[in-house]
Amino acid sequence: MRKRLATAAGALLAFAASLLAAPSSAQAQAQAQAQPQPQAQAAPGFHVAGGRLLDANGEDFVLRGVNHAHAWYPTRTARALKDIKALGANSARVVLATGDRWTKNDTADVAAVVAQCKQNRLVCVLEAHDTTGYGEQAGATTLARAVDYWIGVKNAVQGQEKYVILNIGNEPYGNSGYAAWTSDTANALARMRAAGFRHTLMVDAPNWGQDWSFTMRDHAAEVFAADPERNTVFSIHMYGVFNTADKVRSYLDRFISQRLPLVVGEFGSMHSDGDPDEDAIMSSARQLGVGYLGWSWSGNGGGVEYLDMATGFDAAHLTAWGQRIFSGADGIRQTARESGVFGDGGSVPAPASCSVDYRLSDWGTSFNADVTIRNTGTTAVKGWQLAFAFPGDQRLGSVWNAKAVQQGSEVKATHESWTETIPAGGSVSFGFNGSSGTANGVPAAFSLNGAACAKG
């Protein structure tokens, strides 16, 4: 079902040589402009803040799910979404067709897909697939036509901003004509906003989604700034181009350092254009709090049947790839957390008695902090969120043993699966690094699940 062209050796060498290239001054200016700006009206659902995707409750949300090819297998969707949820996913990326290349999924059909996602407590990432490989793939259409499609089915998603993310067009541009990606994507975002869409919008990279030319990487800041709502998430597809851990981590790190939200919208355990390093993709995504959506549940053809996670759409017969992504290290079962928009599944537990020890290693313009949360109560805390405020202009960097999001000076850190429980009388620890233009200091107060903690 999917065509990909092998990347030229020269492109791969260019990829390796320039991964860590510093952004230009123009890019740096665009990055500064890309930082979230105050909005006249708060986003009604998912939204981006501080380079992180937050749900409608303001909680950090990390996509952990898989792709399902609804456009080609619509009769399989109801069962597929149930099975994907049962295996632990918190989201599904659903393939739709605009009618330009494949049979159109109309407003009623899209509304039914959204309802099924919600019934299964899955965040629904809807994507228009007909743009795949435009400029190189016969029959592929433009991002402008994808916007026309979304406007045409708007009634199916209007009011669903708490549950739905709109991926404007899958893999726009193949390996030619991709220089137009920046302007075309910025124009698509502007048209979506002008048409009244207030959803989080997701945009895919060119080069069959793999961005070996670094077009998306180097122009993401200006594209983000082109969205009046500053509510855009970028999606990289990791196949043969991302065949080493260094390439995976370097690409992800560039977005993290720019405080631009990124997800791995597709990846697999192997591919005809090379052998992606799925272990590095999943472990780096876990360490950085980056979302991922594996390709794909079932129904692949054209020589890439090995990308099926379930044989014949049967959840009882997972392939090696299916077992890896759902149950392996850094997999979906281990790292997914359901969004709190569905009720108690993602809610923060009741408060507990606590103390916090914040150990600061200060180097003037940069720092490390090691944080220990002690449960001084008599009942274990399962699931936690620690809130505090930086005392100056500190900016959060990398985080380990927790996930964290910063809005202004306020920081909210939430547990990882392995730090989820704080035993009665016990403790958990996490840490992070950061930067500052002034001297660093210890936050004045901490609260755990809404309850004030003593400073240890």
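Which strands does helix α5 (residues 143–152) lie across? Helix α5 lies across β4 (91–96), β5 (123–128) and β6 (164–167). The model is predicted, so local features need pLDDT of at least 70 and side-chain atom pairs count only at pLDDT 80 or more, while totals for chains, interfaces and linings use all residues. Residues are numbered from 1 along each chain as its sequence is written, and side-chain values use heavy atoms, with hydrogens and water left out.

**The chain as a whole**

- The protein chain has twelve helices and 21 strands. Both are DSSP runs numbered from the N terminus: helices are H or I runs of at least four residues, and strands are E runs of at least two.
- Of the 456 residues in the protein chain, 57% are buried. Buried means under 20% relative accessible area, exposed means over 50%, and partly exposed is in between, with a 1.4 Å probe and protein chains only.
- Among contacts between residues at least 6 apart in sequence, 76% join residues at least 24 apart. A contact means heavy atoms within 4.5 Å.

**The barrel**

- Eight strands close into a barrel with parallel pairing, in the order β3-β4-β5-β6-β7-β8-β9-β10. Neighbouring strands of this sheet are turned by 25° against each other on average, direction ignored.
- Two strands pair if DSSP finds at least two bridges between them. In general, strands of a sheet pair through backbone hydrogen bonds, either parallel or antiparallel.
- Strand β3 (residues 64–68) is mostly covered, with five of its five residues buried.
- Three bridges join β3 to β10 in parallel, and Val66 stands opposite Gly294 in β10.
- Four bridges join β3 to β4, again in parallel, and His68 stands opposite Val94 in β4.
- Strand β8 (residues 232–238) runs parallel to strand β9 (residues 262–267), and five bridges join them. The bridge partner of His237 is Glu266 in β9.

**Helices on the sheet**

- Helix α5 runs at about 130° to β5. Such angles run from 0 to 180 degrees between N-to-C directions, and axes are lines fitted to C-alpha atoms, for helices over the stretch in contact.
- Helix α7 (residues 181–194) packs on the sheet and touches β6, β7 (201–204) and β8. The direction of α7 makes about 160° with that of β7.

**A pair of helices**

- Two packed helices are described by the angle between their axes and the distance between the axes.
- The axes of helix α8 (residues 215–226) and helix α9 (residues 245–258) come within 11 Å and cross at roughly 10°. That makes α8 roughly parallel to α9. Angles under 35 degrees count as roughly parallel, over 145 as roughly antiparallel, 65 to 115 as roughly perpendicular and the rest as oblique.
- On α8 the contact is made by Met216, Arg217, Asp218, Ala220 and Ala221, and on α9 by Tyr251, Arg254, Phe255 and Gln258.
- By class, this contact has five nonpolar, one polar and three charged residues. Ala, Val, Leu, Ile, Met, Phe, Trp, Tyr, Cys and Pro count as nonpolar, Asp, Glu, Lys and Arg as charged, and the others, Gly among them, as polar.

**Two buried loop residues**

- Gln160 is found in the loop between α6 (154–157) and β6. Gln160 counts as buried because its relative accessibility is 17%.
- Not counting residues up to four places away in sequence, Gln160 touches Val114, Lys118 and His199. The side chain of Gln160 makes a polar contact with the side chain of Lys118 (2.9 Å). A polar contact is a pair of N or O atoms within 3.5 Å; within protein, one must be able to donate a hydrogen and the other to accept it, and residues adjacent in sequence count only if both atoms are side-chain atoms.
- His271 lies in the loop between β9 and α10 (278–288) and counts as buried at 10% relative accessibility. The side chain of His271 makes a polar contact with the side chain of Ser272 (3.4 Å).
- His271 and Met238 are 33 residues apart in sequence and 9.9 Å apart in space, C-alpha to C-alpha.

**Backbone exceptions**

- Most residues other than glycine have a negative phi, and most peptide bonds are trans.
- Arg230, in the loop between α8 and β8, has a positive phi of about 50° although it is not a glycine. Arg230 is buried, with a relative accessible area of 16%.
- A cis peptide bond with omega of about -15° joins Trp295 and Ser296. Ser296 is in the loop between β10 (291–294) and α11 (320–327).
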